[in-house]
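Here is a set of questions and answers for anyone learning to read a protein structure.

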Amino acid sequence: MKMIAKVSTTRPIAAFVESVGADGEVHSLKIVLPVGADVAKVKEAIAVAIDPDWISMDWHVDDVHEVVEGLTEGQAREVLEFAKRDHDANIGINWDSLRAAHEALDFEPIEKCRNGKPIDQCTCC
């Protein structure tokens, strides 16, 4: 099936195909948003995602955790926001710019559990 849109969100969004035409293209899609979702932002993200004149490269907090160990989820989000706001448009966002964003933020060391995970990510203690 053709991907209709990818919408970045911290809360789940469910999409269901309601009807498919004889040509195999999706004609109708039902989207279920979580309570409190910003519908205007979701509509805008979908419009950009299906417009062939746009491209998008997405980065996730998991990518930040891959290049910088020991961050909380909140700190990883701050790194993403910093990289988004302060990256060099000639280079874009890449692994090095994520590392540089982390270094620029200069976080205080965080408390870790007995297995070395940040306390807010611990499932063992």
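Predicted model: local features only at pLDDT ≥ 70, side-chain atom pairs only at ≥ 80, totals over all residues.

Q: What secondary structure does the protein chain have, and in which order do the elements run?
A: The protein chain comes to four helices and two strands. Starting at the N terminus, the order is β-β-α-α-α-α. Buried residues account for 19% of its 125 residues.

Q: Why is the pair Trp 59 and Trp 95 called edge-to-face?
A: Two values are needed here, a distance and an angle. The ring centres lie 4.9 Å apart, and the cut-off for a pair is within 6.5 Å, so the two rings count as a pair. Their planes stand at 90 degrees, and planes over 60 degrees apart count as edge-to-face, so that is the name the pair gets. The structure holds one aromatic pair.

Q: What makes this a link between distant parts of the chain?
A: Trp 59 sits in the loop between α1 (39–50) and α2 (61–67), while Trp 95 belongs to helix α4 (residues 95–105). The two are 36 residues apart.

Q: Are Trp 59 and Trp 95 buried, exposed or partly exposed, and how do you know?
A: Buried means under 20% and exposed means over 50%, with partly exposed in between. Trp 59 has a relative accessible area of 27%, so Trp 59 is partly exposed. Trp 95, with 35%, is partly exposed as well.

Q: How do you know that Arg 85 and Asp 86 meet in a salt bridge?
A: Their side chains have an N to O distance of 4.0 Å, and the cut-off is within 4 Å, so the pair counts. Arg 85 is exposed, because its relative accessibility is 56%. Asp 86 has 44% and is therefore partly exposed.

Q: Which other residues form a salt bridge, and what separates them along their helix?
A: Asp 96 and Arg 99 do, with an N to O distance of 2.9 Å. They are three residues apart in helix α4, which means about one helical turn lies between them. Asp 96 is exposed at 55%, whereas Arg 99 is partly exposed at 34%. The count for the structure comes to two salt bridges. As a general idea, side chains of opposite charge can pair when their charged atoms come close.

Q: What makes Val 17, Val 20, Leu 29 and Ile 31 a nonpolar patch?
A: Patch residues need over 30% relative accessible area, and their nonpolar side chains are joined within 5 Å. Together the four residues have about 270 Å² of accessible area. Strands β1 (14–20) and β2 each give two or more residues to the patch, and Leu 29 is found in β2.

Q: Where is Ser 28, and which residues does Ser 28 touch?
A: Ser 28 lies in strand β2 (residues 26–32). Leaving out residues up to four places away in sequence, Ser 28 touches Phe 16, Val 17, Glu 18 and Ser 19. Ser 28 is partly exposed, because its relative accessible area is 22%.

Q: Why is His 65 called buried?
A: His 65 has a relative accessibility of 19%, and the limit for buried is under 20%, so His 65 counts as buried. His 65 is in helix α2, and its contacts include Leu 71, Ala 76 and Gln 121.

Definitions and conventions: Residues numbered from 1 in each chain as written. Heavy atoms only, no water. Phe/Tyr/Trp six-rings, centres within 6.5 Å; stacked < 30°, edge-to-face > 60°. Buried < 20%, exposed > 50% of the residue type's maximum accessible area, 1.4 Å probe, protein only. Contact = heavy atoms within 4.5 Å. Patch = residues over 30% accessible without salt bridge, like charges linked within 9 Å, V, L, I, M, F, W, Y side chains within 5 Å. Areas by Shrake-Rupley, 256 points an atom, 1.4 Å probe, with all protein chains shown as cover.
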